[in-house]
Amino acid sequence: MNDKPTYLQVQNVSKVFGQFTALQGISFSAARGEFISILGPSGCGKTTLLRVIAGLERQTRGTVFIEGRDVSAFPVSRRKVGIVFQSYALFPNLTARENIAYGLKRQGKPRSAVNAHVDELLDLVGLGGMGRKHPAQLSGGQQQRVALARAIAVAPDLLLLDEPLSALDAKVRQKLRGEIRQLQQRLGITTIMVTHDQEEALTMADRILVIEQGRLAQDGTPHEIYDKPASPFVANFIGTMNFIEGATKIDNGLYGIGNTRLRISGENGSSRLPAGCRVTLAIRPEDILLQGDPAAPNRLNARVAGMEYRGSLFRIDLCLPNATHGAGTLTAEVPTHAVRHLAITPDTNLPVYLPVDRLRVYANEGVQVRI
Ligand SMILES: Nc1ncnc2c1ncn2[C@@H]1O[C@H](COP(=O)(O)OP(=O)(O)OP(=O)(O)O)[C@@H](O)[C@H]1O
Ligand SMILES: [Mg+2]
């Protein structure tokens, strides 16, 4: 998407409510047609950021640009945005048709054109024939579709979605996810979707912004965010991560925990840490291997302390008797066929491999990285 021109640019935006800083120095940009997800725990500032972009809230500091133009002082009506709010807020006394037509009528479009367009939109969101129902007569998923149709009716250049699927059950959610993505791609609308559902962000977005207490913790593709989380917070928020505390840097690519030595390739900035520095190592459960070349590095002896069956895989708790300083247990996710093949049962002793290219290194807090 990098070859597309920038549509939206948010530069150093902060928002303060009284004594409380809800957003702090947020900067990112969105290319035209890009789908960006804003992900973070409850209260981290997602809705506030969306409202600032929409023009519903004025930032305390910083600038919002649309197509290179500073729109910070522009009201919502001048920003060409379509919005689906967190509670999708349909007008209860209007039918689905009337809800969708609302913005079009306000634009002063002739009635026949509005009617034809609303028919198209109803079809587009899979609600053909349901136009006469009131919101109370529609299911949650159907109401969500009406909200979406209402937002795209005015042909926005920017679509802002605030947890549009949060009220729905898993099945409907999954279906609508795919439909929203398809629709967004077909119409080519730059879209920013707030969610606190990691799976939603990973499956739908071109890029994810992770927010932690009003600050941007990471901006990257779903792959980058999952594979190379910038901090333990991001690593923990998206997917699960084993943390091995209390390790010490011995040299570039070599770390120690007690008597155990671990080799790590492809370090993230940790090559700048001085030897002797305390670090936290991390590895995803699915990256821990239970078979491999006996001569491979990072081969540890472990005991199976617990097994949890998950259908296609097992979650296996591994106790590392030789390791010290909190590296005592790791959780691995192992495909069920591999568990069967290796005849793994509780209390089995087995070798565990931590692939050199799958371990991450995080400087412990307070450690200054020397540049
Ligand atoms: N108008 C306001 N006045 C004072 N504080 C506010 C206001 N709006 C939001 N906040 C505070 O700012 C913080 C961020 O709120 P925001 O609604 O952006 O969170 P969020 O990430 O959308 O959370 P959720 O996932 O629960 O929707 C919260 O602590 C909230 O209490
Ligand atoms: Mg919110």
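Colleague: Which element gives the largest share of the lining of the second largest pocket?

Modeller: That would be β19, with three residues. Please keep in mind that this is a predicted model.

Colleague: Noted. How much space lies in that second largest pocket?

Modeller: About 310 Å³. Twelve residues line the second largest pocket, and the closest to its centre are E212, S231, P232, F233 and E365. The elements that supply two or more lining residues are α8 (232–237) and β19 (360–363).

Colleague: And how do the lining residues of the second largest pocket divide by class?

Modeller: There are seven nonpolar, three polar and two charged residues.

Colleague: Which domains does the lining of that pocket draw on?

Modeller: At least three residues come from each of domain 1 (6–233) and domain 2 (241–363).

Colleague: Let's stay with the domains, then. How far apart are the centres of domain 1 and domain 2?

Modeller: The two centres are 40 Å apart, taken over C-alpha atoms. Eight residues from domain 1 and seven residues from domain 2 make up the contact.

Colleague: You listed F233 by the centre of the second largest pocket. Where is the place of F233?

Modeller: F233 sits in helix α8. Its relative accessibility is 22%, so F233 counts as partly exposed; the cut-off for buried is under 20%.

Colleague: What is F233 in contact with, leaving aside its neighbours within four places in sequence?

Modeller: Those partners are P41, V210, I211, E212 and A217. For I211, the separation from F233 is 22 residues in sequence and 9.9 Å in space, C-alpha to C-alpha. E212 is also among the residues closest to the centre of the second largest pocket.

Colleague: Good, now the largest pocket. What volume does it have?

Modeller: The largest pocket comes to about 640 Å³. Its lining has 18 residues, with V76, V81, G103, R106 and V154 nearest the centre. Two or more residues each come from β6 (81–84), α2 (96–106) and α4 (140–153).

Colleague: How many of the lining residues of the largest pocket are charged?

Modeller: Three are charged, alongside eleven nonpolar and four polar ones.

Colleague: You mentioned α2 there. Which residues of α2 are buried?

Modeller: A96, N99, I100, A101 and L104 are buried in α2. What covers them includes α3 (111–124) and α4. Just after α2, G108 has a positive phi of about 80 degrees.

Colleague: One more residue I was curious about is T280. Buried or exposed?

Modeller: T280 counts as buried, because its relative accessibility is 8%, and the cut-off is under 20%. T280 belongs to strand β14 (residues 278–283).

Colleague: Which side chain does the side chain of T280 join through a polar contact?

Modeller: The side chain of E245, at 3.4 Å.

Colleague: Last topic, the overall picture. How many helices and strands are there in the protein?

Modeller: The protein has nine helices and 19 strands. Its C-alpha trace spans about 80 × 50 × 40 Å along the principal axes.

Colleague: What percentage of the residues count as buried?

Modeller: Of the 371 residues, 47% do. As for contacts between residues at least 6 apart in sequence, 67% join residues at least 24 apart.

Note on methods: Residues are numbered from 1 along each chain as its sequence is written. Chains are lettered from A and ligands numbered from 1 in the order in which they are written. This is a predicted model: local features need pLDDT of at least 70, side-chain atom pairs count only at pLDDT 80 or more; totals for chains, interfaces and linings use all residues. Side-chain values use heavy atoms; hydrogens and water are left out. On a 1 Å grid over the protein atoms alone, a cavity is a set of points where a 1.4 Å probe fits but cannot get out, and a pocket is an open set with protein on both sides within 12 Å along at least five of seven lines; lining residues have an atom within 4 Å of a point. Grid points are joined across faces, edges and corners, and a volume is the space filled by probe spheres set on the points. Helices (H or I, at least four residues) and strands (E, at least two) are DSSP runs, numbered from the N terminus. Ala, Val, Leu, Ile, Met, Phe, Trp, Tyr, Cys and Pro count as nonpolar, Asp, Glu, Lys and Arg as charged, and the others, Gly among them, as polar. Domain bounds come from an automatic or database domain assignment. Buried means under 20% relative accessible area, exposed over 50%, partly exposed in between (1.4 Å probe, protein chains only). Contact means heavy atoms within 4.5 Å. A polar contact is a pair of N or O atoms within 3.5 Å; within protein, one must be able to donate a hydrogen and the other to accept it, and residues adjacent in sequence count only if both atoms are side-chain atoms.
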